Amino acid sequence: MTDAVADSSLRPPASRPASAVRVRSYWGSVWHRLRYDYVTLFCLVLIIAIVLTAVFAPLISPMDPYKSSMAHRLRPIGYHNYLLGTDEQGRDILSRMLYGGRVSLTMGILPVALATIIGGLFGVVAGYFGGKVNMLIMRTMDVFFAFPSVLLAVAISGSLGGGITNQLLTLTVVLIPPLCRVAETATSQVRTMDFVDAARSTGASTLSILFTHVLINVMSPVLVYASTLVSVSIILASGLSFLGLGVSPPTADWGLMLSTLRQSIYVQPIVSAIPGVAILITSIAFNLLSDGLRQAMDVRA
Amino acid sequence: MWLYAGRRIVLTIPILLGVTIICFALVQIAPGDPIQNLLSPTATAQDAARLRAAYGLDQPLMVQYFIWLGKVCVGNLGMSISDNVPVAGEVLHAFVNTIVIALISVVLAFVVSMIFGVIAAYRTGSLADRLITAVAVFGISVPPFWLGVILVIFFAVDLSWLPATGMGASGSETFSYFRWADFKFAIMPIIALALPPLGIMTRTTRSSIAEILNQDFIQTLRAKGLSEAQVIVHAVVNIMPQAVAMLGLQLGYLIGGSVLVETVFTWPGTGYLLNKAVLTRDIPLLQGTILVLATAFVLINLVVDLAQSLIDPRLKRS
Amino acid sequence: MTDHMMTPRTAPVDPRDRGGPAQPMLIVDGMKKYFPIRAGVFNRKVAEVKAVDDVSFYVVKGETLGIVGESGCGKSTLARLLMHLIEKDAGELILDGDLVGGSTGVLLDGLRRALQMVFQDSSSSLNPRLPIEQSVAYGPKVQGASGKSAKAQARSLMEKVGLNPNLFGQRYPHELSGGQKQRVNIARALALAPRLLILDEAVSALDKSVEAQVLNLLGDIKKQLNLTYIFISHDLHVVRYISDRVMVMYLGQLVEIGPADQIYEAPKHPYTQALLACRLSMDPEARVDAAPLAGDPPSPVSPPSGCRFHTRCAFVEDVCKAKTPKLGDVLKLSADKHLAACHMVHPDSGHSRAPAHATAA
């Protein structure tokens, strides 16, 4: 046994305090890497700011987003108190954008969250159990992959009809298959790892293995992928609203605003394009953030 | 190789069946009773039952599905409610308009993305790389319909260079892509369609080329005295199988994803048809269009996979 | 089954012992595992890989049984079959006198506590997202220990394998060297207080100096904890160093088994002879230049007829292609017997080199 501990690193000098060698956890090292990625940090701050303006829209909106004024229709940027002009019913565009962020951000994040849970669950089950279960789940998903996402969204939404619940449902269904596939791939890779076999040979229940050993390893690829889907979801949602398949008219929503203002491009071209800027900025911010996250989470050693 | 092709073709059949099931389900999840819309306000319950039987709606769902599937297989997609014409004819006519601009867009995006991707990968970190990456991020993040609106504002409203909407001043009967006056109508839809795939393909090309350029055999080529241009040709040839697969996938996405862009430009393709179906709640038209588009998507993927197995030496062997 | 001549090396009686010192720790009877190969347009089963084909042997209490063979001979599949990590197609497992898995035998859970495995690949054998202390504590927790006692157990085990728990407990696998990871692997396998440890290429990936340290550690632990080892490796030197008995596998079958010294001094099966000839001798003068074993082993999908080794054997005769040589009834014979499945050792087998009369195998 004496030569077994000859590894010099195994026996620390007695004086060295144990806490000094405490090492960073996985998430700690991810954060450590993110701290120096200024583009990603900027996007994170931007997204937080956008979310905050949407949450506190009632407090910070300069005007009532629903109050129309026939006298002040389609005014340009900076007209009187209308910082970003007015729409075709004379409503303040800035206020409507702030309120619209509530629907649009919800439609970006909520369907992704739901689809991550549902698709992730199916994917983990398919990947872990393999065989017939895998066949059943993944072949079903393949059928959904036979539709481009926009087409599938229009198909489901077009049949169900408009409304915010139907939009949420549609987007969730559209996002489940890709998340399921990513979770399945990650799980079946983890499944072949020896540490899963080691856990099985302790007599652990499947549920315990899934929670302690599989999920923790499947989580990061799935979350990284899910984060890329937020901007996809925002664009899909705004597209559906643009087609009249989203919230009903008086409610503010970026896609819907773009759709109604489109009639006015000859009168106020710049103002008509503004809601799209909000979609674009949010979408770019989420895309860059997920890029940064992927890079930070990718390096393992 | 033939075994792979055979397997791939056989595997397509259950997928297509699944597609028909989803399309059939679209009618089922649509709220409201289709019969009620057809009945006159004075109709009795017997009238409703008779009509229901006439349309076969009193049969079990499975039976209804197979009857519908039988009709689909002989090209009968039902009648559109709003125009009362066969859906199949309407969809096919629109499909030609869609696939032509989708093809032009995707080829354009492919060529540009290859050039951009190679430049960016060859000079990683340079100004050109950053600019190209920015364009790619923009292409991926921009809502295509908003891009359409911006293009209209800029080129049609402000500059009056291009017509804002529609397909040809002379009406679509005599439309020709080879006549400038007509082609002008297609320019903005093509650009709006091309940008998202341009973004995605540029990113993919950039990372694949960069990866290849880092491999040892590239150093060997340089050591053998090949010029940089020849080295780049080697790298491009190496990623061709992937690039072709990417091209096909993007073509498929464009065919299905053109609904918003076509709506912005009132381009009379399948997307515009879908928009019409949604607005008028014309479910048979919606169902027929989706079925044709999804089938096209599946078949394009099939062709791409087969093409890839032909040109990729690694797949050829198996 | 009573005539086991090998005296167990560890004298003290284990309270967990059920069958007495003469009862083998583990009896493997007729173990079989065929993996289906699917192909063609419809993905039908077209063939089977006979990964483990009718393997029988036993492990005496307190011994180290080495298993050697080329890669692909079924060593690792066999290990996983013993651990019940993959379903067997046929065969029985008797653990200290109790049939495993049967309605009257010990339950799988009992087997799992008695049998543990140390895995080969240190990069995939530890959960990359779990601090190693938690990896070690996982087993006791699963078996019902409280979080606190599992942690204490894990820390004492880490100490036992030469890792300071204060220093290493909270580290993640990627922060450890290969040797350290393998020590964690050993600690984890010991956490359920097993009686039989299966070491599947447990030291193969390590540098020679670290390998020696881990081998010494294994030797010490075995003495301390009264363990029995099954040591699987392709490294013949290491197997000789650590094993009491050795069995040689070829294409899913057991071809030779016997005490380590006899196998190494006087191998009977031409395959074993070839394997041993392949070793690099410590003495450069004695090294062979020609490769005694040419080419890859034949496919286990359609193994050669008769003796599976006949395609590569220097002494092949017609009888080898026609008749499958018998190893002898391993389970009925004592552990010091040296058996080989070759026509050349069986009298009257029809092979020209076979002994003329029965000289006791």
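This is a predicted model: local features need pLDDT of at least 70, side-chain atom pairs count only at pLDDT 80 or more; totals for chains, interfaces and linings use all residues.
Visitor: Okay, H7 and H9 of chain A: at what angle do they pack, and how far apart are the axes?
Guide: About 155°, with the axes of H7(A), residues 164-191, and H9(A), residues 206-242, 9 Å apart.

Visitor: So are those two roughly parallel or roughly antiparallel?
Guide: Roughly antiparallel, because angles over 145 degrees count as that.

Visitor: And is the crossing left-handed or right-handed?
Guide: H7(A) passes H9(A) in a right-handed crossing.

Visitor: Which residues meet there?
Guide: From H7(A) there's a set including A:Leu171, A:Val174, A:Leu175 and A:Val182, and they meet H9(A) residues, among them A:Val218, A:Val222, A:Tyr225 and A:Leu229. By class, this H7(A)–H9(A) contact has 18 nonpolar residues, five polar and no charged.

Visitor: Switching topic. How many residues does each chain put into the A–B contact?
Guide: Chain A puts in 36 and chain B 41. On the chain A side, the elements giving two or more residues are H5, H6, H9 and H11.

Visitor: Which of them gives the most?
Guide: H11(A), with 10 residues. The side of chain A that touches chain B has 22 nonpolar, 11 polar and three charged residues.

Visitor: How many of the 13 residues are buried?
Guide: One, so H4(B) lies largely in the open.

Visitor: What follows H4(B)?
Guide: B:Gly75, with a positive phi near 85°.

Notes
Residues are numbered from 1 along each chain as its sequence is written. Chains are lettered from A and ligands numbered from 1 in the order in which they are written. Axes are lines fitted to C-alpha atoms, for helices over the stretch in contact, and angles run from 0 to 180 degrees between N-to-C directions. Helices (H or I, at least four residues) and strands (E, at least two) are DSSP runs, numbered from the N terminus. Angles under 35 degrees count as roughly parallel, over 145 as roughly antiparallel, 65 to 115 as roughly perpendicular and the rest as oblique. A crossing is left-handed if the near helix is turned anticlockwise from the far one by less than a right angle, and right-handed if clockwise. Two residues are in contact if their C-beta atoms, placed from the backbone, lie within 7 Å. Ala, Val, Leu, Ile, Met, Phe, Trp, Tyr, Cys and Pro count as nonpolar, Asp, Glu, Lys and Arg as charged, and the others, Gly among them, as polar. A residue is buried if 20 or more other C-beta atoms lie within 10 Å of its own, exposed if 12 or fewer, and partly exposed in between; C-beta atoms are placed from the backbone.
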